[in-house]
Structures are given as C-alpha cells and as structure tokens.
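Open the structure in a viewer and keep the selection panel at hand. The stops below go from one selection to the next.

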Amino acid sequence: MNTQPSPPGVERTEGSAVRIGALVPLTRPGWAEAGRHLLAGLELGVHEVNDTGGIAGRPLELVVRDTAADPRRAAAAVDEVAGLGVAALAGEYHSVVARAAAARADALGLPFLCSSAVLDALTEQPTEWVARLAPAQSHGWRIYADFLLGAGHSRIAVAAQPSVYWASGTRVLRDHLAPRGGTVIELDMGALSPTAVCDELVGHRATALLLLVGHPEPAVPIVRAVRRDPRLAEVMIGAPAGQPEFAGWATSLGDDGAAIPFLRYLPERLGPLGARVGTALHERLAEAPSFVAFEGYDTVAVLADVLRSHGVDRARIAESWPRVTVEGTRGRIRFSRTPDISVWQWAWAPVQVVDRDPAEPERFRILHTG
C-alpha cells in the first residue's frame, strides 16, 4: 500500500495506520528499475502484514518518497517523514544516498532499516539507530575478488566514475587482490571514451574489465566497444555492483550483456517462504524479481515483527535490533555488531557471483558462492 500521509498535526486515534517511511529511487538519475523492484518488495510485505491483522489491529502503511539518487533530496525526505510521525524508515538502493539518509535518521533518532545499500561506512560513527540487510561492500566484493582469482584473472582493470561508492569498491578489490598477486588498474571514465578504454586494456594486458559505472551510460557503450574489439576477445567483462541483474540490461545489450559476472544476494535455492514470495513478486512486477525485490520484502518482515513485539516507540524499535530473529526469504535474519561496520548488520545475506547464460540470456548461471 502506497499512501500519501495525513497532514502534519493530525492526531492518531486507535486503529489509525502505523506508518513506515520508504526511500526508493523511482526517477532518473536514480536507478529507477532497481527502485521499482525494491518498492514491489516493500509493498508486497505490507500487503501480507495487513492480510494477517496488521500491527495489533492497525494497518501498516508506506509513506513513499522518491530519492532520484540525490543525497540532499533523501535527507530532506527523512526530515519530512519524521515530521509526519512514521515509526521507522526503510529502503534505499544507492549507497551514497543511503549514507545521507542514515546520517539524518541518526541525528533525528529515527530507526532506519536499510534494505539494499552496501557501503561499509553507512554512518561516520557507530549508531544504534540504523540496521542493514544487504551485505557490506567489503564482504561481497572480497567474494567477487576470490572469484576473479579462481577464474585465472590477476591483471584487472576497473573502468570507474568518480564516486565514494566506486572508490570504496576499487580499494576493497586492490586490498584483497594485491597480497594474492593481483593487480588493479584504474581507468578514469571522466577522461576516457569507450574506444580509449579498449586501447588501455590492450596496453595494460588486462584479462578482466570491471564496470564501476552507471547504467545505461556509460556501461552500455563500454560493453559494446569491448565486445566488438577483436584484440579483446579473451577479456572478461564483470560488473560486481549488479547491473546485469535487471531486465533493462538485457534489453539494452542483448547477447552482448551475457557472460558478465555480477554479485547477487540470493541463496542457491529458495526455501518455501522465498519460493512463495518469489511467485507473488513475479506477478506484481510482471517479470522475474531481482534480489532487490526480496530485500524489500524482508525489510517489512523485520519491521513488522519489531513493531508487533515492541510497539511504535522509536527508541524501543532501535533498542530491539540485537534481539531480532526473523525468518526472511533468504534465511534467518539476525543483527550483530560486525568489525568496521558502524550499523547493526545482518552478517550475512547469501552471496553469489552469477551471470546471464549466453545460450539463454534470461537464465542466470551461478559461478561462485560466498
């Protein structure tokens, strides 16, 4: 249920809705396709909560705000929904945006369950107010680095745009690969054309190119240029941030978008709950659900459990993170304090490295599990 909230100052009565603020990127330059999947999962979760009695007889509602991948817009949205009396905040896909939202939620004393963002430093200082479902970037990207080494790649180029998120990912890869004989070559996409990227790959004798860039620009032109360069026929293209997960990738690139390994936060096989939810998400989205849709559903499952057990007081919600134990679509969810992570963290959601099968691009192949 996606509702607009009552005006500020409206007094709650018994039976009035329990509201959760939901931050999602629904318009450009945000990754709107990821936002649509995240929102579908959140909405399905709310629908099922309300079908089973709501929160102590009160309906659960989402107060949805589009972040459009803008940190300032997200921070303003946190202020707005906090003023509207939401019990907690949920969602967000983009790490840099989630970081701004987390900082504002921490300052306001608003519990925030982050669904999808992975940046390790989600807040500058440790906080009791924020918890996260997605694996930290350092965890997932180390698994990806192990996959690269296992596949025989030690000279790895990264085509990167300026961003805290991409810089953090490059650092994780370098720190993990260097002691194991791997080399990371940085290609600045603020200065290079796709054709120039191809020349750099040849010059550096790279065997793998990782796309640390946005989609569709400049990811799609880079993939096309590399695929069409006969000098690079043996170069593997990878996308650890998960760009090929979504149907828009296959639509943009066709066969060129296959065999590009990426990180995906799903188990090898879904259990009964995950399979049922996957079917419902497929119906809601009219396409196969991404792992981001499951993250949205699990977010509401956790918050509903907390709200039913501890009520709608914000401080009590935040105090409950270490006591959470909820069966999610991808395993049992518990939060703990993890070294170098400043928020309460599910350690860890399942991690796979997968790609689209060249023989059947709609099918995903599991290449490595963490």
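Start with helix 1 and helix 10, where helix 1 passes helix 10 in a right-handed crossing. The model is a predicted one. Select residues 32-51 for helix 1 and residues 291-310 for helix 10; their axes come within 7 Å and cross at roughly 35°. Now show the side chains in the contact. On helix 1 these are A34, H37, L38, G41, L42, L44, G45, V46, E48 and V49. On helix 10, select V292, A293, G296, Y297, T299, V300, A304 and R308. Colour the contact by class to see eleven nonpolar, five polar and two charged residues.

Next, select residues 194-204, which are helix 6, and residues 219-227, which are helix 7. How do these two helices cross? The axes of helix 6 and helix 7 come within 8 Å, at a crossing angle of roughly 50°. Angles from 65 to 115 degrees count as roughly perpendicular and those under 35 as roughly parallel, so helix 6 and helix 7 are oblique to each other. Their crossing is right-handed. For the contact, pick P194, V197, C198 and L201 on helix 6, then P221, I222, A225 and V226 on helix 7. The residues here divide into eight nonpolar, no polar and no charged.

Move on to the open sheet built from three strands in the order 10-15-16, with antiparallel pairing. Select residues 262-264 for strand 10 and residues 360-369 for strand 16. Both stand at the edges with a single partner strand each, so one side of each has no neighbour in the sheet.

To find one of the bridge pairs, select R356 and its partner F364 in strand 16.

The last stop is a charged pair. Which residue's side chain meets that of E61 in a salt bridge? Select R19: the N to O distance between the two side chains is 3.7 Å. E61 lies in strand 2 (residues 60-66) and R19 in strand 1 (residues 18-24), so to trace the link, show both strands; the pair joins distant parts of the chain, 42 residues apart. Across the whole structure, a search finds 18 salt bridges.

Note on methods
Residues numbered from 1 in each chain as written. Predicted model: local features only at pLDDT ≥ 70, side-chain atom pairs only at ≥ 80, totals over all residues. Heavy atoms only, no water. Pairing = 2+ DSSP bridges. Helix = DSSP H or I, 4+ residues; strand = E, 2+ residues; numbered from the N terminus. Axes fitted to C-alpha atoms, helices over the stretch in contact; angles between N-to-C directions. Parallel < 35°, antiparallel > 145°, perpendicular 65-115°, else oblique. Left-handed = near helix turned anticlockwise from the far one by under 90°. Contact = heavy atoms within 4.5 Å. Nonpolar A, V, L, I, M, F, W, Y, C, P; charged D, E, K, R; others polar. Salt bridge = Lys/Arg side-chain N within 4 Å of Asp/Glu carboxyl O.
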